[in-house]
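Please open the model in your viewer and keep the selection panel at hand.

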Amino acid sequence: MANRTVNTATTIHGTNPQNLIDKEYRQRIYDSLYWKEHCFALTVTGVMDKAANLTCIGGCFGDNKRPTEFMCLVLKLLQLQPDRQMVDVLIDQNDFKYMRALALMYFRLTERPVDVYTKLELLYSDYSKLRRRIYDGTYVLMHMDELVDDLLREQRVCSIALPRITDRRKLEDVGELPPRISPLDQNDSDSDSESGSSSGSDNDESGS
Amino acid sequence: MSRAPEKKVSKPVATSGVKVHRYFPGKAPEGHMDEFSESESEAETEAKTERTVQLAAGTSFGASTKLTAAAEVLSAPTRIGAGIGNTQQGNEGFSDSDAESDGETRRLMQARLLARQRANEEASSDSGSDSDSDSDTARARLRASMQIRKPEGISARAGATASSGSGSGSGSSEESGSSSEDDGYAVRPMLKPMFVPKSQRQTQQNPQSPQQAQQPSRAAAMLEDENGEARDLGAEALAQMKEARREESVRMAAEEARRAREQPEIDNDEHANLVDDTDDVDPEAEFEAWKLRELLRIKRDKEEGEVVDLEEQERERRRNMSEAEKYAEDIEIVRRQREEKIERARELRMEYLEEQDAMRLDVAQDNTEVNAIMSQQMFEYAMINAEGCRSHTKWKGHSKEDTSRAGPSLWEESRRAAQRSDARPGTGSARNPRSGGREQQRRPADD
């Protein structure tokens, strides 16, 4: 009963949204103390409260493959399947960076490639620090833009295998996405006058 | 057997003499035999039940320890680490006597903290120094009962005053069990919950002396004071006591909650604290770092794009070529690859041989005569007889096993004779397989 997806949920990528996390890691989450104690009968508001108290991101660590609270909350969001507006709110808020990271992960897992690129690439300019718990339980510093980069390019982030999204180049070729304009290029084209315009427009192909 | 079996004297080890306190059902725990041996004084049992009641009350409204700790974490917007259970509830007396030094020191410190705070309160709130005036409060009862039980501890715990006299430090005494907080502060003693047999139990609901438990009448609410006087308490006095206790427990719970909120955030996760994730510590540096990352990303994307473009161009070019051109190109590629491979093998072989020569030269140039010769021979020996890589063996083949021509033979004449016969072809024998070889066969006249 406690581990069923919500009744109104739709399938994501053709499957129960919870299945986006591998069975092995999902079971570790179900068995974890944080899940049983804190994530039981949680609503999206409750998840927000917990996310405000997060101190790190990460997957499963240690010999026991103990899941981080972040990962538990990701699974909880997958269970609850909040609607798009709610997720946008979680991403756009500026107060809690771990909440934002959580919502980004959820977004990456559930949305279509075009939306993923459009939404996540905005956050390339967010350079706030995040604490990440790596496989042996120790902490490492990383930044939000690095997380976004990993989410868009890697196959596995925080012990979660990310669903395949189309290569950005292919989307550009088809025409669904414009080439990526980095904020640095934008700054250059705005501020510098001599080489700005040329470099700005020539560097439009910088997006992969 | 008339003789008793000899006792084996075992060798002393590091854990010799360590007494392990085990629990056996039905048997009173060690060290408390004195409490059960004689009939207990009323004060002791009373104090014990009160203690159990207080302990239960102290863990806030009877809920389980962990959940309430969690509830307090949630209510207070603090990020207290995993040790929340330890700091708050870990010292409520449910300790095992098996945990020796670590748990005790920790409990000691926490108890000291608690005691200091409580003692400060006590000192500020009630000025009375005698315990009898607070006879209604449970704490006074406890204190008094402790005085009875351990007269040597009285000096340490002078009544209600928060005097920090020299502690008896009887943390190691068996009797006190885990109540190692006899350290001079006015402490509410935390004792190990001991098993009270049903016949001797005295609960809040029906307060009666253990001796009267057998009597069916419960109307006689007889309570004996610590001083041994039998006081006849009416219903109101009983209610008063209950009320007082309730207030006490509520007060303690409120205090715990307040302390939890006001305590400095002891983030027990030291590893996490090593990695600081506060933003805007150095805004320029962070911005520069981000800029660097972004530039690297742009560069990476560009390079990947170029690779893809080149591939696309190549594909385009090939598509526009004819079959013959493609074939010619492929042949050329393969030929070049093979050449490169051979060349590489040649280079490696040359390197190896040069290395060998260099070593040989190095050995030969050794000035000491004897050493030179010996080293040379040893070198040659090593070259012949040593094994190098895994698949190499010393076996060089049958021809190398031939010892007939290995060196100067003892029978020189027979050798010379063999040489002469060797010059004639077809004179080879098993002894001289080399005879009649190509070099011997060629005679000067034949050229």
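Leaving aside its neighbours within four places in sequence, which residues is A:Ile57 in contact with? Select A:Ile57 and, with contact taken as heavy atoms within 4.5 Å, you will find A:Phe70, A:Tyr98, A:Ala101, A:Leu130, A:Arg131, A:Arg132, A:Arg133, A:Met142, A:Leu147 and A:Cys158. This is a predicted model, in which local features need pLDDT of at least 70 and side-chain atom pairs count only at pLDDT 80 or more, whereas totals for chains, interfaces and linings use all residues. Residues are numbered from 1 along each chain as its sequence is written, chains are lettered from A in the order in which they are written, and side-chain values use heavy atoms, with hydrogens and water left out.

Next, select the largest nonpolar core, which has 58 residues (buried Ala, Val, Leu, Ile, Met, Phe, Trp, Tyr and Cys joined through side-chain atoms within 4.5 Å; buried means under 20% relative accessible area with a 1.4 Å probe, protein chains only). Among the residues with the most contacts inside this core are A:Ile21, A:Ile57 and A:Phe70. The largest share of the core, 10 residues, comes from H6(A) (helices are DSSP runs of H or I, at least four residues, numbered from the N terminus).

Finally, turn to the contact between the chains, which takes 33 residues from chain A and 30 residues from chain B. The two chains have 11 salt bridges between them (a side-chain nitrogen of Lys or Arg within 4 Å of a carboxyl oxygen of Asp or Glu); to view one, select A:Asp145 and B:Arg293, whose side chains meet at 2.9 Å, N to O. On the side of chain B that touches chain A, H9(B) supplies the largest share, 17 residues.

Key
Buried < 20%, exposed > 50% of the residue type's maximum accessible area, 1.4 Å probe, protein only. Helix = DSSP H or I, 4+ residues; strand = E, 2+ residues; numbered from the N terminus.
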